[in-house]
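Good morning. Please have the sequence and the model open while I talk.

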Amino acid sequence: MRTQVAIIGSGPSGLLLGQLLAEAGIDTVILDRAGKDYILGRVRAGVLEEGTVGLLDKANAGARMHAEGLQHDGFSLAFDGRDHRIDLFGLTGGKRVMVYGQTEVTHDLMACRESIGALSIYDAANVQPHDFDGQAPFVTYEKDGVAHRIDCDFIAGCDGFHGASRKAVPERSLRTFEKVYPFGWLGILAEVAPVSHELIYANHPRGFALCSMRSAHRSRYYIQCSLDEKIENWSDARFWDEVRRRLPAHHAEAMFVAPSFEKSIAPLRSFVAEPMRFGRLFLAGDAAHIVPPTGAKGLNLAASDVHYLFSGLVEHYKESSSAGLDAYSQKALARVWKAVRFSWWMTTMLHRFPDTGDFDQRIQEAELDYLTHSRAASTVLAENYVGLPF
Ligand code: RFL
Ligand code: PHB
């Protein structure tokens, strides 16, 4: 088989890239080691920047998002028993975010791909990129015990943090940066109205809590937990009780609860691999970088990588210019590091670290106080949260 761009990974990065390229008349094959239902069953991100919304529109995959997604003009930072609203709209000159789950984004992109008849191969085993240093790269995989090969012009490594693409790069060609945080997030989904119409990020002596949502009837909650926490020790009752304790009283009292239908623990990590291009192999999204979810940036960074990569590929095919592809890694990394910094900063400011002494605790309190009382400081937060331009 032959295609122009072989895309490894059918998460948001791979699917968005595939859809943008299809709209531009460029042929792709997407390979994923998982099955479609498994991919759609993963509950992850919930907040989309306007740039991400724009890319989904450009890919012709935005209709349901505009009909069902929730536009948010602000969010709340809760500490010291009180709410402090960050007016995203007012502070950024009219920018908002869209609350629309990653599961829905993935679903919409998959449906678009199916409707145009583009090829996705699920449950592909041992997917491996080859010869990306030369002019004729190819990808091999096995399906139902039979070996296959796809020849291509380029390979897009969109296969997430644990994927095969980054691992195929010789170690000497790669520089990695990592920070592991000493806690995780325990998250649940429940069919219940959100406690507030906007997100609440809470810093509390018992740890961080986040009240988010997927719709007017479906809520997503997270609490900071220790890394050795076991999911089976968290009954719904215990979880709701803990969220309540970490929120200001007026929210705790107003909170509705319901049985959860998803519950999982995710460790928090920052990770960047440089560069993001190796000959004809390009890494995008979580394959190249991970951010802790506190800044809601992971999916949005995947989208901005895809924007740069898509533009470079279009320049290559339509204008016979390699300038965009040559600049890909540098352009993508410049934006990645700003989001890595923002996500680290939000994480540091909002969580309780196990080894924090009195001095560091006062610094955190002073920072929150400054942030919520200085328009300049709030603007910095808002500008980053709605997403830096790309
Ligand atoms: P994905 O989504 O991990 O998809 C990669 C795909 O590649 C496949 N794959 C392979 N295929 C073939 N061969 C292999 N060897 C393969 N290895 C893996 C996988 O099956 C999968 O289908 O990466 P992608 O597309 O780069 O997308 C990245 C996002 O998923 C991620 O950054 C976000 O979910 C991060 N994130 C958030 N991002 C936001 O922008 N806003 C948020 O509000 C937000 N909240 C979150 C989050 C991530 C979370 N977790 C669980 C990590 C909240 C949480 C709790
Ligand atoms: C979510 O709704 O899953 C969510 C929202 C905001 C974040 C992280 C996750 O910062």
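I will go through a sheet, an arginine, the salt bridges and a ligand. Keep in mind that this is a predicted model.

Now go to strand 1, residues 5-8. Is strand 1 covered on its faces, or open? Both faces are covered. Val-5 and Ile-7 are buried on one side, and Ala-6 and Ile-8 are buried on the other. As background, side chains in a regular strand alternate between the two faces of the sheet.

Strand 1 runs parallel to strand 2, residues 28-31, and four bridges join the two. If you want one pair to look for, Val-5 is opposite Thr-28 of strand 2.

Stay in strand 2 for a moment, where Ile-30 is found. Ile-30 has a relative accessibility of 0%, so it counts as buried. What does Ile-30 touch, leaving out residues up to four places away in sequence? Its contacts include Ile-7, Gly-9, Leu-15 and Arg-113. Leu-119, Ser-120 and Ile-121 are also among the residues that Ile-30 touches. For a sense of scale, the C-alpha atom of Ile-30 is 34 Å from that of Thr-347, and these two residues are 317 apart along the chain.

At the other end of the strand order, strand 18 and strand 19 run antiparallel and are joined by two bridges. There, Arg-277 is opposite Phe-282 of strand 19.

That brings me to the arginine. Arg-280 sits in the loop between strand 18, residues 277-278, and strand 19, residues 281-283. Which side chain of opposite charge is nearest to Arg-280, and how far away is it? It is Asp-153, at 5.3 Å. A salt bridge here requires the nitrogen and the carboxyl oxygen to be within 4 Å. Arg-280 is therefore left without a salt bridge, although it is buried.

Not counting residues up to four places away in sequence, Arg-280 touches Asp-153, Phe-154 and Ile-155, among others. Phe-132, Gly-134, Gln-135 and Pro-137 are also on that list.

Next, the salt bridges. In general, side chains of opposite charge can pair when their charged atoms come close. How many salt bridges does the model have? The count is 19. I will show three of them.

One is between the side chains of Glu-49 and Arg-335, with N to O at 3.0 Å. Glu-49 is in the loop between strand 3 and helix 3, and Arg-335 is in helix 11, so the pair ties together parts that are 286 residues apart in sequence. Glu-49 is buried, at a relative accessible area of 2%. Arg-335 also counts as buried, at 7%.

Another joins Arg-64 and Asp-108, whose closest N and O atoms are 2.9 Å apart. Arg-64 belongs to helix 4 and Asp-108 to helix 6, so this pair ties together parts that are 44 residues apart in sequence. Arg-64 is partly exposed, with a relative accessible area of 25%, whereas Asp-108 is buried, at 8%.

The last one I will show is Glu-178 with Arg-269, where the closest N and O atoms are 2.6 Å apart. Glu-178 lies in strand 13 and Arg-269 in strand 17, so parts 91 residues apart in sequence are tied together. Both partners are partly exposed: Glu-178 at 49% and Arg-269 at 25%. Besides these pairs, there is a network in which Arg-64, Glu-68, Glu-104 and Asp-108 are joined by salt bridges that share partners.

Finally, ligand 1. It has 31 residues around it, and those that come nearest are Ser-13, Asp-32, Gln-102, Asp-286 and Leu-299. An oxygen atom of the ligand is 2.5 Å from an N or O atom in the Ser-13 side chain. There are backbone contacts too. A nitrogen atom of ligand 1 is 3.4 Å from a polar backbone atom of Asp-159, and an oxygen atom of the ligand is 3.2 Å from one of Ala-296.

That is all I have.

Note on methods. Residues numbered from 1 in each chain as written. Chains lettered and ligands numbered in written order. Predicted model: local features only at pLDDT ≥ 70, side-chain atom pairs only at ≥ 80, totals over all residues. Heavy atoms only, no water. Buried < 20%, exposed > 50% of the residue type's maximum accessible area, 1.4 Å probe, protein only. Lys, Arg positive; Asp, Glu negative; His and termini not counted. Contact = heavy atoms within 4.5 Å. Pairing = 2+ DSSP bridges. Near = heavy atom within 4 Å. Polar contact = N/O pair within 3.5 Å; in protein donor to acceptor, adjacent residues only side chain to side chain.
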